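Please examine the sequence and the model shown below.

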Amino acid sequence: MTSNVDTGARIPGPVGSPVLGQALELRRDMLRTLDDGFERFGDVVSYRLGPAALRRQVIAVHHPDAVKQVLTEREVFGRRTRSLEVLTELFGRNLVTTDGEAWTRQRRTLQPLFTPRHVLEYAGVMREEAHDFLTRGSVTAGEVVDLVPLTENYALRVLGRTIIRDELVMTDVIGAFNTLVPLIGKVVRERSMKAWKIPLRVPTRETRQFMEVRAQLYGLIRQILVRRSQRTDTPAEPDLLDRLREARDPETGAALTPREVADQALIMLVAGHTTTSNALTFTLYLLGRDPELQEAVAEAARADGLAPADDLVVAAIKEAMRMYPSAYAIGRRTRTATQLHGFPVPAGTNVLISPWVTHRHPAYWERPDVYDPSRFIGPSDRPRYAYLPFGGGPRNCIGEHFAMLEATVLLRTLLREFTITSESADLPVSQLISLRPTGAVPVRFTPRKARG
Ligand code: HEM
């Protein structure tokens with residue numbers, strides 16, 4: 001059918017409604033809209049976001065070569081997208097929200113704190129927290145429990161303890177933060193998706209709620225800093241806040257300002273919390289549906305060792321992130337006119353990468369809807385950008401090694417002592433800031449018999 005194909009656009013795509021184009025569909029169910037677009041139009045698809053005359057469009061890019069281009073050509077594909085503008089309004093200027101020289105300086109300064117060797121220093125905290133996870137009453141009693149709060153609590157405590165290492169502040173901050181997380185998701189999504197962004201100084205229901213969430217976030221930062229300045233004891237181990245303070249730009253020797261230190265700590269909590277807990281929830285749920293596979297992963301978990309190697313435990317997590325990538329959409333905006341997958345693209349165009357779609361691309365993934373961790377065992381000739389749960393290029397996830405270590409520590413610890421059974425046949429997902437289960441994910445943990 002060609003009647004519903006917008007032949008005016010150089011890049012193929014659906015026509016959508018005359019006034020809004022595809023804006024509503026993308027807002028209501030981005031993943032289904034992108035899946036449909038990929039099926040109908042292929043590797044590069046243009047979606048109109050308003051009347052044709054306005055020429056507002058977003059180009060979805062699914063082919064690994066084009067994905068690579070978007071993520072690696074930083075001088076062409078910038079980060080000034082609507083959602084980044086909204087995140088900057090909320091969190092200020094940090095590693096996630098800055099671009100250009102400010103970002104280069106911050107990234108250079110922070111990178112050494114997140115090397116595989118460096119994050120291993122946090123393995124002890126992760127092990128303790130994994131143990132805590134196992135000894136929770138509801139887990140040991142073998143009742144049906146909801147995975148979501150369990151993994152969220154684990155991820156937040158690990159981050160809290162590594163970033164703040166102050167039990168008192170952490171308990172307060174974590175409590176407040178847990179309440180804020182769903183609200184952050186809501187206000188950011190609502191504001192990012194609006195066709196016209198109302199200035200924050202204009203009081204509406206939406207802007208007032210946004211300002212309220214922002215005030216609470218800044219209240220948290222203040223609380224951390226005040227308590228810090230009052231502290232007289234010297235903890236045995238420096239935490240991430242100490243390390244952020246000590247960090248120096250390797251080229252200029254400059255330190256971060258106190259405000260930058262606090263903002264970075266906050267954004268680490270935000271960027272590293274639900275992303276990691278979702279990865280764990282999805283992995284545990286999928287293993288809980290396949291006892292035979294789970295046994296094989298448990299066998300690998302019994303082997304010694306901590307650093308993520310490419311064993312079945314790591315593969316189980318990677319494969320869950322293939323099927324359910326927390327960062328299901330990554331946005332960029334062209335700074336200059338360019339060519340993308342053979343099509344001309346003007347400056348100022350929104351470009352969208354969707355790990356969700358690319359992770360199911362039939363040219364690179366056989367039977368993409370089957371959970372099969374063995375895809376990640378041994379060599380593969382798949383292109384690098386066919387799999388990108390942590391993004392790629394210069395702005396890849398700085399917390400990748402941290403998150404992988406954190407997830408493997410919990411999975412290894414858990415599978416050594418318990419089997420897990422998923423109590424629901426399907427897993428509906430919601431597309432908030434990250435991709436997450438819509439509701440509870442009921443599972444049952446059963447202690448393994450003492451091994452003779
Ligand atoms: C499974 C867990 C995680 C996933 C799936 C994930 C995913 C991602 C992705 C896809 C990006 C790139 C976004 C883009 O290109 O626009 C990113 C960036 C980032 N992530 Fe993660 N992340 C995870 C855990 C973490 C953790 C634990 C931390 C911190 C401790 C963290 C901190 C960050 C930061 C600061 C950035 C911005 C980096 C920059 O622009 O230089 N993430 N993450």
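## Three-stranded sheet

What is the order of the strands in the open sheet of three strands, and what is their pairing? In this predicted model, the order is E4-E12-E9 and the pairing is antiparallel. Strand E4 (144–146) and strand E9 (418–422) are the edge strands, each pairing on one side only. From one strand to the next, the twist averages 40°.

Three bridges connect E4 with strand E12 (residues 442–447) in the antiparallel sense. Within this pairing, Val144 stands opposite Arg444 of E12.

## Helix H17

Helix H17 (400–417) lies across E9 and E12 and runs at about 100° to E9.

The length of H17 can be checked against its residue count. At 1.5 Å a residue, its 18 residues should span 26 Å, and the end C-alpha atoms are 26 Å apart, which agrees.

## Five-stranded sheet

A further open sheet has five strands in the order E1-E2-E8-E5-E3, and its pairing is mixed. Because strand E1 (44–48) and strand E3 (77–78) stand at the edges with a single partner strand each, one side of each is left without a neighbour in the sheet.

Strand E2 (residues 57–61) and strand E8 (residues 350–353) run parallel and are joined by four bridges. Val58 has Asn350 as its bridge partner in E8. Helix H3 (residues 64–72) packs on this sheet, touching E2, E3, strand E5 (330–334) and E8, and its direction makes about 120° with that of E8. Helix H2 (residues 30–41) lies across E1, E2 and E8, at about 125° to E1.

## Iron site and the loop between H16 and H17

Which protein atom is the donor of the iron atom of the ligand? The only protein donor is the SG atom of Cys397, at 2.3 Å. Cys397 is placed in the loop between helix H16 (355–358) and H17.

Arg375 also belongs to the loop between H16 and H17. Is Arg375 buried or exposed? Its relative accessible area is 12%, under the 20% limit for burial, so Arg375 is buried. The side chain of Arg375 reaches the backbone oxygen of Val370 at 2.8 Å. Beyond its neighbours within four places in sequence, Arg375 is in contact with several residues, including Glu319, Arg322, Trp365, Glu366 and Arg382.

Notes. Residues numbered from 1 in each chain as written. Predicted model: local features only at pLDDT ≥ 70, side-chain atom pairs only at ≥ 80, totals over all residues. Heavy atoms only, no water. Pairing = 2+ DSSP bridges. Helix = DSSP H or I, 4+ residues; strand = E, 2+ residues; numbered from the N terminus. Contact = heavy atoms within 4.5 Å. Axes fitted to C-alpha atoms, helices over the stretch in contact; angles between N-to-C directions. Donors = N, O, S within 2.8 Å, 3.2 Å for Na, K, Ca; no water. Expected span 1.5 Å × (residues − 1). Buried < 20%, exposed > 50% of the residue type's maximum accessible area, 1.4 Å probe, protein only. Polar contact = N/O pair within 3.5 Å; in protein donor to acceptor, adjacent residues only side chain to side chain.
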